[in-house]
Amino acid sequence: MPVNRILLAPGASGNVGQLARHASGLEARGFSVELVPLPRGRAERAMPVYQAAIGPDAGSTVMGGQSFGGRVASLLAPDLAPAALVLFSYPLHAPGRHDAWVERTAHWPQISCPVLLLSGESDPFARIDLLREAVRLLPSATLVTFAGVGHGVGGVLDEALDAVAAFIGANT
């Protein structure tokens, strides 16, 4: 049975309203989308809030989010085993602190579900060469990049959501 439930959480400085276009676009593509507000602060602080939103059906749910929200989802994925992860603009490192990518991806080899990463090739939070290297740590990953796009896919949202729909259709 195909998965149609998607949970998305916002970035650290955002709110669920900033994902409204993501949600409506995915709903127009046949998915049920729930937006998960997260507390500010460290990702580990937000993990229980995200986990409570998932409930007992993680295995039939696609988890993800924008930046911080995607990081929180990815940290939960090794234990919850969702149907898939969809990570918009994963925060691989802070701008100029490129070495942080090693710590930010240490849990990736334990993620067993398929993972879709959507990233701008000019994202100051994910230097593209480092992101391509990091993606190799994931057992099952697809990386979609957008030339000339920074942190966030708002300018190419329809294209990004088409990629999400195709990915979910092919991997769940």
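## Strands β1 and β3

Strand β1 (residues 5-9) pairs with β3 in the parallel sense, over five bridges. Two strands count as paired if DSSP finds at least two bridges between them. Helices (H or I, at least four residues) and strands (E, at least two) are DSSP runs, numbered from the N terminus. Leucine 8 has glycine 64 of β3 as its bridge partner.

## Model basis

This is a predicted model, where local features need pLDDT of at least 70, side-chain atom pairs count only at pLDDT 80 or more, and totals for chains, interfaces and linings use all residues. Residues are numbered from 1 along each chain as its sequence is written, and side-chain values use heavy atoms, without hydrogens and water.

## The sheet

Six strands make an open sheet with parallel pairing. Their order is β2-β1-β3-β4-β5-β6. The edges are β2 (32-35) and β6 (141-146). Each has a single partner strand, so one side of each lacks a neighbour in the sheet.

## Helices on the sheet

Helix α1 (residues 20-28) lies across β1, β2 and β4 (84-88). It runs at about 165° to β2. Angles run from 0 to 180 degrees between N-to-C directions, with axes fitted to C-alpha atoms, for helices over the stretch in contact. Helix α2 (residues 43-54) also packs on the sheet and touches β1, β2 and β3. The direction of α2 makes about 160° with that of β1.

## Glutamine 66

Glutamine 66 sits in strand β3 (residues 61-66). Glutamine 66 counts as buried because its relative accessibility is 13%. Buried means under 20% relative accessible area (1.4 Å probe, protein chains only); exposed is over 50%, and partly exposed lies in between.

Beyond its neighbours within four places in sequence, glutamine 66 contacts (heavy atoms within 4.5 Å) Ala9, Pro10, Gly11, Leu19, Phe88, Ser89, His151 and Gly152.
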